[in-house]
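Please look through the sequence and the model shown below before reading on.

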Amino acid sequence: MSELVFHLFPCRSDNYGLLLHDPTTGATAAVDAPDAAAVMAELQSRGWQLTHILTTHHHGDHVEGNLALKQRFGCSIIGPAAEAALIPGIDRQVSGGEHFTWAGREVRVLDCPGHTKGHVAYHMPAEAAVFAGDTLFSLGCGRVFEGTLDEMYRSTRQFRTLPPDTRLYCGHEYTQSNARFALSVEAGNAALQARAAEVDRLRAANHLTCPSTIGAELATNPFLRTDSPEIRKTLGLERASDAEVFAELRRRKDSFK
């Protein structure tokens, strides 16, 4: 089996576009479709033909390109069953706990309610990659719009169980602002200090900060570090449950400047 090619690129104001390409079969998938023109331009520059779209959730900045791309390439759109009525052009509905094969590779579906009620993520174990959409970000997590804080807590906890070398691909370039918040609640974390400095260097050079890895997130992302004594002391929640710490972190991040 040939090595899968991952191509990450910026689009819209702060979204990521991501293309997966199998050189042997020619299968090419977009993880979400934030902008049809941007996705088409990246495909054309590489001579790839889009065969699939893996949709994480229904928000417009993740599905806006679906129909135009489907019309142009005849691609098949896979997306969350719980949001099927909101996913333009959806062909196959999937739910957490299911798995399917794409380009000869297993894709596991993670149920991730919180940001939206039916949000899913896609995990490709053989490729050591997970596509988290707007559930887990590099150094952060998504806002809770439709679900509950407890649902978002449980959704993000799933990522803690993945192998540390798993590459984390997320939906937006938010890492620099997320780093500032992370430092506000765990300033003494040396790994976080080093990572924040590296993120500043990358953004100053206009470079992308993703993919991250699950290992890096476990060491630096406050939303995966609810057991950190420093975070708990900063929040005044030394005796609280992990879910309560998570909820307070998310509330503070919502108003963080």
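At roughly what angle do the axes of helix 1 and helix 3 cross, and within what distance do they come? This is a predicted model, in which local features need pLDDT of at least 70 and side-chain atom pairs count only at pLDDT 80 or more, while totals for chains, interfaces and linings use all residues. Residues are numbered from 1 along each chain as its sequence is written, and side-chain values use heavy atoms, with hydrogens and water left out.

**Two packed helices**

The axes of helix 1 (residues 36-46) and helix 3 (residues 66-73) come within 8 Å and cross at roughly 40°. Helices here are DSSP runs of H or I with at least four residues, strands are runs of E with at least two, and both are numbered from the N terminus. Axes are lines fitted to C-alpha atoms, for helices over the stretch in contact, and angles run from 0 to 180 degrees between N-to-C directions. Helix 1 and helix 3 are therefore oblique to each other, since angles under 35 degrees count as roughly parallel, over 145 as roughly antiparallel, 65 to 115 as roughly perpendicular and the rest as oblique.

Helix 1 contributes Ala36, Val39, Met40 and Leu43 to the contact, and helix 3 contributes Ala68, Leu69, Arg72 and Phe73, where contact means heavy atoms within 4.5 Å. By class, this contact has seven nonpolar, no polar and one charged residues; Ala, Val, Leu, Ile, Met, Phe, Trp, Tyr, Cys and Pro count as nonpolar, Asp, Glu, Lys and Arg as charged, and the others, Gly among them, as polar.

An open sheet with mixed pairing is formed by six strands in the order 1-2-3-4-5-6, and two strands pair if DSSP finds at least two bridges between them. Strand 1 (5-11) and strand 6 (92-94) are the edge strands, each pairing on one side only. On average, and with direction ignored, neighbouring strands of this sheet are turned by 20° against each other. Helix 1 packs on this sheet and touches strand 1, strand 2 and strand 3 (28-31), while the direction of helix 1 makes about 140° with that of strand 1.

| Strands | Sense and bridges | Bridge partners |
|---|---|---|
| Strand 5 (76-80) and strand 6 | parallel, three bridges | Gly79 and Gln93 |
| Strand 7 (99-102) and strand 8 (105-111) | antiparallel, four bridges | Phe100 and Val107 |
| Strand 8 and strand 9 (120-124) | antiparallel, four bridges | Leu110 and Ala121 |

Strand 7 and strand 8 form a hairpin with two residues between the strands, where Ala103 takes a positive phi near 50°.

**A cavity and a pocket**

A search of the whole structure finds one cavity of 30 Å³ or more. On a 1 Å grid over the protein atoms alone, a cavity is a set of points where a 1.4 Å probe fits but cannot get out, a pocket is an open set with protein on both sides within 12 Å along at least five of seven lines, and lining residues have an atom within 4 Å of a point. Grid points are joined across faces, edges and corners, and a volume is the space filled by probe spheres set on the points.

The largest cavity holds about 80 Å³ of space, and its lining includes Tyr16, Asp32, His62 and Phe131. The largest pocket holds about 370 Å³, and of its 23 lining residues the closest to its centre are Arg143, Tyr174, Asn178, Arg250 and Lys253. The lining of this pocket has six nonpolar, nine polar and eight charged residues.
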